[in-house]
Amino acid sequence: MGSVMSDAVALENITVGYGRQVAIHDVHAHFETGSLTAVAGPNGSGKSTLLKAIAGILKPSKGHIHIDPALKNHIAYLPQTSFIRRDFPMPVLQAVCCGFWKTVGEGRTIDHEMEIRARAALAEVGLENLEDRQIGSLSGGQFQRVLFARTIVEDAKIILLDEPFTAVDAETTARLINVILDWHKQGRTVICVMHDLMLIRKYFPESVVLAGRCIGRGHTHDMFRQKLLSFDLDMAELYTDGKDIPAPRSRPCDHDGHDHA
Amino acid sequence: MTLYEILFQPFADYSFMRRALCACIILAISGAPLGVFLNLRRMALVGDAMSHAILPGVSLAFMIWGLSVWHMTGAALSIGIVVAFFAFYLTRVTQLKEDASFTLVYLLSLASGVIMISRSGSGVDLLHILFGNILAINNDALFLAAGTAAATVLILSQTFRGLVIECFDPDFLQASSRRASWIGSVFFVLVVVNLVASFQILGTLMALGLMLLPAITTRFWTQSLDASFLLGILIAVTSGFAGLLISYHHEIPAGPAVVVVTGILCLISVLFGRHGSVRTYLTR
């Protein structure tokens, strides 16, 4: 019970899917307040589904999601760019100001102070001169930075990022990693779906590994030590390989605590 | 023939022309902004299907009460919404994709509606319902369209920001607001209500004309959302004005003439527009 109280997010044996198709089954995990966690796993392992469930977009068919009541209305979600209409006629500054939606809703207008914050967020991600550009004319990396700027202005306590480095060059990745590390330093809880094992090992202290269900979670270096994450094999070889989903190879996910090697 | 006689005299001389122009302006004010959103949500085909899905309701009311505006409106609205949600339900629980389920529902609606009208009315009644009668609209139809336009503009202004975010990034909106699912439903009901209001004027087969074609046209000229709304309204009003004049001077059906003018403006834009047209494709 004590650990639940210090958790920003606690997943209690949740099963989530789309209609009758189950995407993740019986996942038990928790994310401590202020933690920086990577969610890894092969394609189709349910990483994005997990994030959508935490964001409240999908409802679990079984189990419960507990979010610290103090943080419940302070969740920011950055979806995969492939789910976003990039041809939508919208200037960059307006796209960033969408981050104020929770504050302004339909009733209030974006005031001068909010606009200054939006411009500052754009400067933080290095897009200070592109406020008036249409989002459709941006490169993939620039567009991802706009989404990060939108997340910055949301000023959320829990930040959910779904594959934020897909189709992004090294320079942009480095810049965005710094934004994430800043969030972590500020005590925000960051949960990030990732494919890049190098980035996971270097920057994310905690990891959750999924393959339809939770295969392992804990300190990232433990995940590598136990070969739940590995540079020798790609994730598809590790977890799918035409076989059934493997049994957990580290401690079971429904057990608490870390494996201190 | 002077320019005044060509452009203005028909409206000065005949009240039915003035009423028809008034109807076009009303439809443009509410329909064009809805069309812009419909187009941006890639729901043009769904909109087309919906314009036909109201036909069984119209036909049922016609069989019972005849050509009564309010009865036909009520029946079209209720059955149209039921049909729409049935199509969405099919998409959700079966293997049918949205385009296939809406095609099934709209063809069934169209065919059954035509059969019902044919069994209880004349060919003229059928033509009236399918293609409207913009030159013979009564006060009830005009008031209905005006009330619908006023309500639409009001509701759009109150849901505008949510609609924009929902079009742009629906997952973000859902994660940010529990009201998100309502915004899509409100928008859809607005589309159906506007189609019902405009079918009295342009008929069930053409009701989408002044809603969607101006919206498609604007995409070739502007990348600004605000400008799209204004340009869409302007194109719809211009098409109404020009279509009615062509219909008057050349004695052709007015509703189809209005839609043909809108379609020609759209085709010109497809060929020569500033953004994404054939011209920009050939010159890049």
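In which helix of chain B does Pro56(B) lie? Before I answer, a word on the source: this is a predicted model, in which local features need pLDDT of at least 70 and side-chain atom pairs count only at pLDDT 80 or more, whereas totals for chains, interfaces and linings use all residues. Residues are numbered from 1 along each chain as its sequence is written, chains are lettered from A and ligands numbered from 1 in the order in which they are written, and side-chain values use heavy atoms, with hydrogens and water left out.

Pro56(B) lies in helix H5 of chain B, residues 55–65, where helices are DSSP runs of H or I with at least four residues, numbered from the N terminus. With a relative accessible area of 12%, Pro56(B) is buried, a word that I use for under 20% relative accessible area, with over 50% being exposed and anything in between partly exposed (1.4 Å probe, protein chains only). Leaving aside residues up to four places away in sequence, Pro56(B) touches Ile79(B), Ser109(B), Ser112(B), Gly113(B) and Met116(B), contact meaning heavy atoms within 4.5 Å.

Let me turn to the nonpolar cores, that is, sets of buried Ala, Val, Leu, Ile, Met, Phe, Trp, Tyr and Cys residues joined through side-chain atoms within 4.5 Å. The largest has 110 residues, and those with the most contacts inside it are Phe88(A), Ile135(A), Phe148(A), Leu161(A), Trp183(A) and Met50(B). Its largest share, ten residues, comes from helix H11 of chain B, residues 180–202. A second, separate core of 29 residues includes Ile54(A), Ala55(A), Leu210(A) and Ala175(B). As for Phe88(A), its contacts beyond four places in sequence are Gln134(A) and Ile135(A), together with Leu40(B), Val164(B), Cys167(B), Phe168(B) and Leu225(B).

Next, a helix pair in chain B. Helix H6 (residues 69–93) and helix H9 (residues 139–168) pack at about 40°, with their axes 9 Å apart; the axes are lines fitted to C-alpha atoms over the stretch in contact, and angles run from 0 to 180 degrees between N-to-C directions. H6(B) and H9(B) are therefore oblique to each other, since angles under 35 degrees count as roughly parallel, over 145 as roughly antiparallel, 65 to 115 as roughly perpendicular and the rest as oblique. Val69(B), Trp70(B) and Thr73(B) of H6(B) meet Asp140(B), Ala141(B) and Leu144(B) of H9(B).

Finally, in chain A, Gln142(A) sits in helix H6, residues 140–154, and counts as buried at 19% relative accessibility.

Technical notes:
Helices (H or I, at least four residues) and strands (E, at least two) are DSSP runs, numbered from the N terminus.
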